[in-house]
Amino acid sequence: MNKTVDINERTLEKEKKEFATVCKFFEVLCIVMLVVVALIMLGVVGVIAVMGAELKDVMVLFVNSIILLFGMTSTLNFGRAIFKSLKSVETPFRYDIADKVKGAALALLMCGMASIIVQSVSPIFSENFSDICHYYFFIALGNIFTGLLLGIMSYVMNFGCKLQQESDETI
């Protein structure tokens with residue numbers, strides 16, 4: 001005798017598999033983005049050093065690059081962990097995922113603000129600072145803006161977690 005399979009059940013299973021594939025893709029994308037950003041930032045420092053810039057200019061650029069790279073590394077690591085968690089859960093509204101989004105937001109905010117502080121002090125050590133990495137300010141502002149958006153998203157996710165918990169408790 002043939003078993004009757006619900007169409008909704010088959011569709012749900014298919015969507016779960018597709019969602020797991022998308023999560024794996026974004027998990028790998030986070031790692032690739034991390035490597036690309038690191039290579040670009042450290043490559044710029046290497047090129048400037050090879051071109052014969054003074055050591056103090058290279059060090060100022062290196063410190064600014066490391067601060068921004070640390071923020072992006074932390075955020076991409078949180079992103080990788082989020083997608084890793086998402087591919088194995090029933091609902092995205094879980095407290096651990098909301099906490100990871102909040103952690104990514106805090107990492108971007110703190111590194112963006114630290115970068116702006118370091119950039120404001122950097123001209124003391126290097127007169128050429130404004131010539132060699134004025135674009136770091138815009139990256140830092142982008143980090144702060146993205147951190148604020150992720151912070152808002154984490155509060156929305158947290159509210160969704162509470163609603164999901166209420167829904168699970170009423171059933």
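**Exercise 1. In which helix is Leu42 found, and which residues make the nonpolar surface patch of about 520 Å²?**

Before the solution, two remarks on the model are needed. This is a predicted model in which residues are numbered from 1 along each chain as its sequence is written, and side-chain values use heavy atoms, with hydrogens and water left out. Local features need pLDDT of at least 70 and side-chain atom pairs count only at pLDDT 80 or more, whereas totals for chains, interfaces and linings use all residues.

Step 1. Leu42 is found in helix α1, residues 7-50, where helices (H or I, at least four residues) and strands (E, at least two) are DSSP runs numbered from the N terminus.

Step 2. Leu42 has a relative accessible area of 39% and is therefore partly exposed; buried means under 20%, exposed over 50%, and partly exposed in between, with a 1.4 Å probe and protein chains only. The areas themselves come from the Shrake-Rupley method with a 1.4 Å probe, and for residues only the protein chains shown count as cover.

Step 3. The patch of about 520 Å² is made by Leu42, Leu55, Met59, Phe62, Val63 and Ile66. Patches are made of residues with over 30% relative accessible area and no salt bridge, like charges being joined within 9 Å and nonpolar side chains (Val, Leu, Ile, Met, Phe, Trp, Tyr) within 5 Å. Helix α2, residues 55-86, contributes the largest share of the patch, five residues.

**Exercise 2. Describe the largest nonpolar core and the surroundings of Ile97.**

Step 1. A nonpolar core is a set of buried Ala, Val, Leu, Ile, Met, Phe, Trp, Tyr and Cys residues joined through side-chain atoms within 4.5 Å. The largest one has 13 residues, of which Ile82, Leu86, Ile97 and Leu150 touch the most other members.

Step 2. The elements that each give two or more residues to this core are α2, α3 (95-125) and α5 (136-170), and the largest share, six residues, comes from α3.

Step 3. Leaving out residues up to four places away in sequence, Ile97 touches Ile82, Ser85, Leu86, Val89, Pro92 and Met157, a contact being heavy atoms within 4.5 Å.

Step 4. A second, separate core of 11 residues includes Met41, Ile48, Leu61 and Tyr136.

**Exercise 3. Classify the pairs that Phe26 makes with Phe25 and with Phe83.**

Step 1. A pair of aromatic rings is described by the distance of the centres and the angle of the planes. Rings of Phe, Tyr and Trp (its six-membered ring) pair if their centres lie within 6.5 Å, and planes under 30 degrees apart count as stacked, over 60 as edge-to-face and the rest as tilted. The structure holds three aromatic pairs.

Step 2. Phe25 and Phe26 are edge-to-face, with 5.3 Å from centre to centre and 70 degrees between the planes.

Step 3. For Phe26 and Phe83 the ring centres are 5.2 Å apart and the planes lie at 20 degrees, so this pair is stacked. The pair links distant parts of the chain, since Phe26 is in helix α1 and Phe83 in helix α2, 57 residues apart.

Step 4. Phe26, at 32% relative accessibility, counts as partly exposed, and Phe83, with a relative accessible area of 22%, is partly exposed. Phe25, Phe26 and Phe83 form one aromatic cluster.

**Exercise 4. Which side chains meet in a salt bridge?**

Step 1. A salt bridge is a side-chain nitrogen of Lys or Arg within 4 Å of a carboxyl oxygen of Asp or Glu, and the structure holds one.

Step 2. The side chains are those of Arg94 and Asp96, which meet at 3.2 Å, N to O. Arg94 has a relative accessible area of 35% and is partly exposed, while Asp96, at 29%, counts as partly exposed.

**Exercise 5. Trace the contacts of Leu68.**

Step 1. Leu68 lies in helix α2 and, with a relative accessible area of 0%, is buried.

Step 2. Not counting residues up to four places away in sequence, Leu68 touches Met41, Ser115, Tyr136, Ile139, Ala140 and Asn143.

Step 3. Ile139, in helix α5, is 71 residues from Leu68 in sequence and 8.0 Å from Leu68 in space, C-alpha to C-alpha. For Asn143, 75 residues from Leu68 along the chain, the C-alpha separation is 8.5 Å.

Step 4. Ser115 belongs to helix α3 and counts as buried at 0% relative accessibility, whereas Ile139 is partly exposed at 25%.
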